[in-house]
Amino acid sequence: MNQETNPSLKATDELFREAMQSISTKKEKMDDTEDGPPGEFLLDGKTGKGVTIHGKPVILWYAKSVLNMNSGFLHKHLCTGPTFNLGDACAYCCPYCYVEAAAHGRFAEFLKQHDLNFQEVVIRRQNAVEILRRQLAKLSAKQRDFPHVVYSSTTVDVAGNVELAKETAAACTLILEMTNWEIRLLSKSNMLPYLVSLIPKKDNYHKRLILGVSTGIPCSGTMRWTWPFWPTGTS
Ligand code: SF4
């Protein structure tokens with residue numbers, strides 16, 4: 001049955017068009033590709049030494065936003081427009097990764113200054129969950145109530161280690177509390193069940209999660225070494 005013959009499908013389609021028109025207004029677009037000022041290396045509060053994840057130094061980036069209401073991932077049917085990203089460079093090292101190219105050199109100067117390349121660092125967005133809270137609060141009630149599917153992440157793995165899984169769980173809990181949305185999480189980590197365990201089960205929150213797992217390549221170890229012999233498109 002198509003939308004011409006099914007009234008509820010037709011109503012949903014009209015609602016969706018209306019919501020997307022509203023997103024494309026300046027007020028609600030909130031693109032997460034805006035530049036923030038240069039970042040800094042994250043230091044351990046106790047030792048004063050630089051924090052690392054899977055051996056990579058962690059950089060905090062002063063991004064202006066986390067939520068992108070009008071991402072290109074609508075066309076991949078992964079979401080209804082919104083995506084959220086808590087970081088910009090991943091804990092993994094997949095050789096096929098497109099994220100550096102998609103960053104359009106945003107971090108190139110900073111990394112050059114420190115003699116590092118993109119795959120040698122983890123970049124996190126400073127106060128990411130708080131920025132997300134502010135962005136969600138600014139959305140209209142229509143957008144918050146619309147049955148959107150928000151997708152994460154287009155730039156990093158959502159559960160690269162315990163700390164990152166905790167941060168993603170906090171962001172998801174916030175979205176579930178403040179909106180009517182479903183959340184699609186795609187990960188290459190075996191920590192996805194741990195991430196979900198950190199999200200409260202109340203109010204059917206877990207039923208609003210769509211989870212996917214694929215194969216990722218760590219920065220060292222056997223999987224890394226065997227990568228050149230794998231068929232393409234393994235992810
Ligand atoms: S897990 Fe995804 S974002 Fe991370 S390196 Fe691999 S392809 Fe890139």
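Two residues are in contact when their C-beta atoms, placed from the backbone, lie within 7 Å. Keep that in mind as you walk through this predicted model.

**Stop 1: isoleucine 123.** Select isoleucine 123 to begin. Leaving aside neighbours within four places in sequence, isoleucine 123 is in contact with Gly39, Ile59, Trp61, Gly87, Asp88, Ala89 and Phe107.

**Stop 2: the core.** Now widen your view to the largest nonpolar core, which has 43 residues. Ile123 is among those that touch the most other members, together with Val66, Val122, Leu132, Val150 and Ile175. Strands E3 (56-61) and E7 (122-125) each give two or more residues to this core, and so do H5, E8, H7, E9 and H8. Which element gives the largest share? That is H7, with seven residues.

**Stop 3: helix H7.** Select residues 162-178 to see this helix. Its 17 residues should span 24 Å at 1.5 Å a residue, and the end C-alpha atoms are 24 Å apart, which agrees. Buried residues here include Leu164, Ala169, Cys172 and Ile175. Among the elements covering the buried residues of H7 are helix H5 (128-138) and strand E9 (182-187).

**Stop 4: serine 153.** Look next in the loop between E8 and H7, where you will find serine 153. Is serine 153 buried or exposed? Serine 153 is buried, because 23 other C-beta atoms lie within 10 Å. Beyond its neighbours within four places in sequence, serine 153 is in contact with Asn85, Leu86 and Val158. Serine 187 is 34 residues apart from serine 153 along the chain, yet their C-alpha atoms are separated by 8.2 Å.

**Stop 5: the ligand.** Finally, select the ligand and the residues that surround it, including Cys90, Tyr92, Asp157, Lys188 and Gly216. This shell divides into seven nonpolar, one polar and two charged residues.

Definitions and conventions. Residues numbered from 1 in each chain as written. Predicted model: local features only at pLDDT ≥ 70, side-chain atom pairs only at ≥ 80, totals over all residues. Helix = DSSP H or I, 4+ residues; strand = E, 2+ residues; numbered from the N terminus. Expected span 1.5 Å × (residues − 1). Buried ≥ 20, exposed ≤ 12 C-beta atoms within 10 Å, placed from the backbone. Near = placed C-beta within 6 Å. Nonpolar A, V, L, I, M, F, W, Y, C, P; charged D, E, K, R; others polar. Core = buried A, V, L, I, M, F, W, Y, C linked by C-beta atoms within 7 Å.
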